Amino acid sequence: MFILGIETSCDDTCAAVLKDSQILSNVISSQIDLHKAWGGVVPDIAKRAHQERINPVIETALKRAKLTIKDIDLIAVTKGPGLAIALGVGVKAAVSLAVKYHKKIVAVNHIEGHLMANFLTNSQGKPLRPFVFPSLTLTVSGGHTKIVLIKKIGDYEVIGETLDDAAGEALDKSAKLLGLGYPGGPVIERLSLKGDSTFLKLPTPIADKKILDYSFSGLKTAFYYQIKDWPKVKINKHLADLAASFQSAVFATLIRKFSLAVEKYHPACLMLSGGVAANLTLRTKMRHLAKTYKLPLYLPFKKELNTDNAAMIALAGFYQAKRGDYANPNILDIDSRAEL
Ligand code: KG4
Ligand code: ZN
């Protein structure tokens, strides 16, 4: 089956073509340069950029896959969660193609897309290891932080999630506080490599071992209060130490709760996904954890599959269609607060 995936939930305009689970093309038009100056995503700017880019991005994805829209069997589009006016652009484009070319269409949950990033394959069928269930997945981005038990594809149980900020959002906000620009995660990662992660003492959010949920807003506030009276020169002198301390506190929290979840749920394998999963330090920590519990660990096989992309949406759509869960293009609408 040939699937066209479309994703516009935040600041990346994305289209991808899959043959079942295999990626034939994966086009991502990032808007970071447009939002950078504002220190975060500006909804109106995102909407306009998506509108300008969506058709060329879809055309490029089809061209790189050496297909035309006529060859496509299924259109999969992100319905939410995400930025409402951004989601609307992708949904409108998907619906108009579905209606014009009489294609089947599915409306995909963005977080399910992130879960599916580990199930994508390349032309050699990689990853080569078979998937085993249940899988315990830590999915961490700018919009969500969840521990999800995947019993099988399509059957998910959220066993822990953030009660306030997402981990990526916390990294972005701490970077903003340090004057480092947007998105903060990659800058914090780069700086952390040169810093002392024990420089600042930060609290351990939700220490209770019975609770598998996360909280990052207290960590962010504690960070703010520790440095708020510092002169700029002092902050700049210790930039790498501050970045390393904050990143380390966020990752220690992610790993601690995830370990508790592994002990409670006895999964057959572990997975990591979402934008923050691009971070090499977090990936290394997850590898250690997997080794400790002697479990296979899956990570998206390409860096660009961690952050927002349409290949993961197309794959979620492929499985959704197998379950017969199609949308009616005449009434398909966004759901900006969709739950997994
Ligand atoms: O999955 P994603 O592209 O979009 C959402 O669904 O939110 O994730 C974006 C988030 C941002 O918070 C960004 O700072 C973070 O992922 N991120 C990273 C890295 N690359 C992106 N965080 C830490 N290290 C990275 N290398
Ligand atoms: Zn995302």
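**Exercise 1.** Does arginine 323 count as buried, partly exposed or exposed, and at what relative accessibility?

*Solution.* The model is predicted: local features require pLDDT of at least 70 and side-chain atom pairs pLDDT 80 or more, while totals for chains, interfaces and linings use all residues. Residues are numbered from 1 along each chain as its sequence is written, and side-chain values use heavy atoms, without hydrogens and water.

Step 1. Buried means under 20% relative accessible area, exposed over 50%, and partly exposed in between (1.4 Å probe, protein chains only).
Step 2. Arginine 323 has 39% relative accessibility and therefore counts as partly exposed.

**Exercise 2.** Identify the salt-bridge partner of arginine 323 and locate both residues.

*Solution.* Step 1. A salt bridge is a side-chain nitrogen of Lys or Arg within 4 Å of a carboxyl oxygen of Asp or Glu. By this rule the count is seven.
Step 2. Arginine 323 pairs with glutamate 112, with 3.5 Å between the closest N and O atoms.
Step 3. Glutamate 112 lies in helix 4 and arginine 323 in the segment after helix 11, so that the pair, 211 residues apart, links distant parts of the chain; helices are DSSP runs (H or I, at least four residues), numbered from the N terminus.
Step 4. Glutamate 112 counts as buried because its relative accessibility is 6%.

**Exercise 3.** Explain why lysine 173 and glutamate 169 are separated by about one helical turn, and place their salt bridge in its network.

*Solution.* Step 1. The two side chains meet at 3.2 Å, N to O.
Step 2. The separation is about one helical turn because lysine 173 and glutamate 169 are four residues apart in helix 5.
Step 3. Lysine 173, at 33%, is partly exposed, and glutamate 169, at 25%, is also partly exposed.
Step 4. Shared partners join Asp165, Glu169, Lys173 and Lys220 into one network of salt bridges.

**Exercise 4.** Describe the surroundings of ligand 1.

*Solution.* Step 1. The ligand is surrounded by 18 residues, each having a heavy atom within 4 Å of it. Gly142, Asp172, Gly185, Glu189 and Asp308 are the closest.
Step 2. Helix 4 (110-116), helix 5 and helix 6 (184-192) each contribute at least two residues to this shell.
Step 3. Oxygen atoms of ligand 1 lie 3.2 Å from a side-chain N or O atom of serine 141 and 3.0 Å from a backbone N or O atom of glycine 185.
Step 4. Taken alone, ligand 1 exposes 550 Å², of which the protein buries 90%; accessible areas come from the Shrake-Rupley method with a 1.4 Å probe, and for residues only the protein chains shown count as cover.

Note on methods: Chains lettered and ligands numbered in written order. Polar contact = N/O pair within 3.5 Å; in protein donor to acceptor, adjacent residues only side chain to side chain.
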